[in-house]
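Thanks for coming, everyone. Please have a look at the structure on the screen.

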Amino acid sequence: MENMFRLMDQDQDLTTNRCIWVNGPVIVGAGPSGLATAACLHEQNVPFVVLERADCIASLWQKRTYDRLKLHLPKQFCQLPKMPFPEDFPEYPTKRQFIDYLESYATRFEINPKFNECVQNARFDETSGLWRVKTVSKSESTQTEVEYICRWLVVATGENAERVMPEIDGLSEFSGEVIHACDYKSGDKFAGKKVLVVGCGNSGMEVSLDLANHFAKPSMVVRSSLHVMPREVMGKSTFELAMKMLRWFPLWLVDKILLVLSWMVLGNIEKYGLKRPEMGPMELKSVKGKTPVLDIGAIEKIRSGKINVVPGIKRFNGNQVELVNGEQLDVDSVVLATGYRSNVPYWLQENEFFAKNGFPKTVADNNGWKGRTGLYAVGFTRKGLSGASMDAVKIAQDIGSVWKLETKQPTKRSRGSLRRCISQQF
Ligand SMILES: Cc1cc2nc3c(=O)[nH]c(=O)nc-3n(C[C@H](O)[C@H](O)[C@H](O)COP(=O)(O)OP(=O)(O)OC[C@H]3O[C@@H](n4cnc5c(N)ncnc54)[C@H](O)[C@@H]3O)c2cc1C
Ligand SMILES: NC(=O)C1=CN([C@@H]2O[C@H](COP(=O)(O)OP(=O)(O)OC[C@H]3O[C@@H](n4cnc5c(N)ncnc54)[C@H](OP(=O)(O)O)[C@@H]3O)[C@@H](O)[C@H]2O)C=CC1
Ligand SMILES: O=C(O)C(=O)Cc1c[nH]c2ccccc12
């Protein structure tokens, strides 16, 4: 990714430059978080500009997820503010349904992101009290650099902006195919193949399950401890149950109950090599951001031997992998389900609100959404889509209240003209 940011600086000859004043906030990212913030601003008649590096909204969902993906939290925890899912959507909408919902959401709230604009740099100019946001967009022959100048900057680039590619001895010389889970679409082409899935978060588990369903032979690398809970207990969503219990009981007690329920449904999973962490599942999610696995069938495949659980990797040798227990496995292909990270440190020139890991420093004390000098973050509180929705509502209220004080509230008749002068080129 660093390379991508560097490449964009080359070919200066073909570069054209523009500068655009934005009368309102600039939102970086047109995923669910950026869309939710834009919709809430739209409802308050605050104009905005959304910048998106991809050529579509929700690029994580449209381009970097596998075919069989469904939301794994019930739909009421995944809908964005001000527009519920259609009633005929199932409890766990499919990826296609979720994308369709997001497309109609963008249409309904008149959100028209500027696509193919990758933010390269953003800094607060103390002298003017304004943010300067630089993007590069590339076509075949030209490169356009645009600088947006605005009072508010909303970071909505997500917790999953870039893939994590681990450095493993010998992997670069491995003779088979190596892909990251975000490029895995289906197990179709892996039938009969020995596939090493590195990582056992929700991605690793679901990729392994999909591979097993397509008659591949997956081995899943589990190098440390993890929590697995059934997606449902007696037909009720485990996550929903946890949320309900948290209204009445302390976190540690909810975790104890969840562990008993998980044991009743899944049995003792430690005997398959899936060791549980000391800390409970919801506490671990809230303290370290590590999402528990919500099982939709992988454990059954492990039990029946269709998914082979293996310990950490020592190194790759040709088409073999050597594990930390000394065992050697033949491998045809590798899927790195090794997770994601934020890309904020690569482009945002700021170190007071955002930490080096690209997350706001204040996530733990529930202030992960507001920085100083007009800076905001949406979707970084490690609470999935419902956390993003909560941030979006607060951010739009915060910006909206200043906006209302400083601008005359437009009447319905003058709204059209307000929107037409959102940006001005000079
Ligand atoms: C496979 C998978 C399944 C998931 N399932 C669920 C679920 O069921 N429920 C749930 O609550 N959460 C789920 N999540 C968590 C996920 O983080 C959210 O669903 C959601 O996508 C977060 O939205 P976001 O807008 O914050 O980030 P994203 O969806 O990642 O959107 C960020 C956008 O910013 C753009 N961008 C990044 N950098 C730049 C830049 N420099 N310039 C311009 N644009 C940029 C990206 O292209 C992207 O379109 C899942 C995550 C994954 C990976
Ligand atoms: N259906 C759904 O809704 C789905 C939701 N998701 C969500 O997407 C987000 C990302 O999930 P995911 O992609 O699974 O990422 P995670 O960060 O949750 O998991 C990454 C996994 O990779 C392992 N890992 C990392 N590096 C190595 C290495 N060098 N060797 C061995 N193992 C390694 C980690 O192990 P360790 O813990 O030891 O570091 C961990 O098991 C989560 O929030 C998840 O809930 C994902 C898929 C489906
Ligand atoms: O699916 C994800 O990645 C999420 O972050 C959703 C989520 C938020 N809190 C949780 C607790 C347990 C399982 C999933 C989630």
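First, the ground rules. This is a predicted model, where local features need pLDDT of at least 70, side-chain atom pairs count only at pLDDT 80 or more, and totals for chains, interfaces and linings use all residues. Residues are numbered from 1 along each chain as its sequence is written, chains are lettered from A and ligands numbered from 1 in the order in which they are written, and side-chain values use heavy atoms, with hydrogens and water left out.

Ligand 1, then. How many residues surround ligand 1? There are 27, and Ser33, Glu52, Ser59, Asn160 and Leu385 are the closest. A residue counts here if one of its heavy atoms lies within 4 Å of the ligand. Now polar contacts, meaning pairs of N or O atoms within 3.5 Å. A polar side-chain atom of Ser33 sits 2.6 Å from a ligand 1 oxygen. A polar backbone atom of Val119 is 2.9 Å from a nitrogen atom of ligand 1. On its own, ligand 1 has 990 Å² of accessible area, and the protein covers 93% of that. Those areas come from the Shrake-Rupley method with a 1.4 Å probe. Helix H3 gives the largest share of the shell, three residues. Helices here are DSSP runs of H or I, at least four residues, numbered from the N terminus.

On to ligand 2. It has 20 residues around it, and Asn202 and Ser203 are among the closest. An N or O atom in the Asn202 side chain is 2.9 Å from an oxygen of ligand 2. For Ser203, a polar side-chain atom lies 2.6 Å from a ligand 2 oxygen. Alone, ligand 2 exposes 920 Å², and the protein buries 77% of it. Helix H5, residues 202–213, gives the most to this shell: three residues.

Last, the rings. The whole structure has 16 aromatic pairs. Rings of Phe, Tyr and Trp (its six-membered ring) pair if their centres lie within 6.5 Å; planes under 30 degrees apart are stacked, over 60 edge-to-face, and the rest tilted. Phe124 and Trp131 are tilted, with centres 5.3 Å apart and 55 degrees between planes. Both are buried, meaning under 20% relative accessible area with a 1.4 Å probe, protein chains only. What about Phe353 and Phe354? Their planes are at 75 degrees and their centres 5.2 Å apart, so that pair is edge-to-face. Phe353 and Phe354 are buried too.

Definitions and conventions
Polar contact = N/O pair within 3.5 Å; in protein donor to acceptor, adjacent residues only side chain to side chain. Helix = DSSP H or I, 4+ residues; strand = E, 2+ residues; numbered from the N terminus. Buried < 20%, exposed > 50% of the residue type's maximum accessible area, 1.4 Å probe, protein only.
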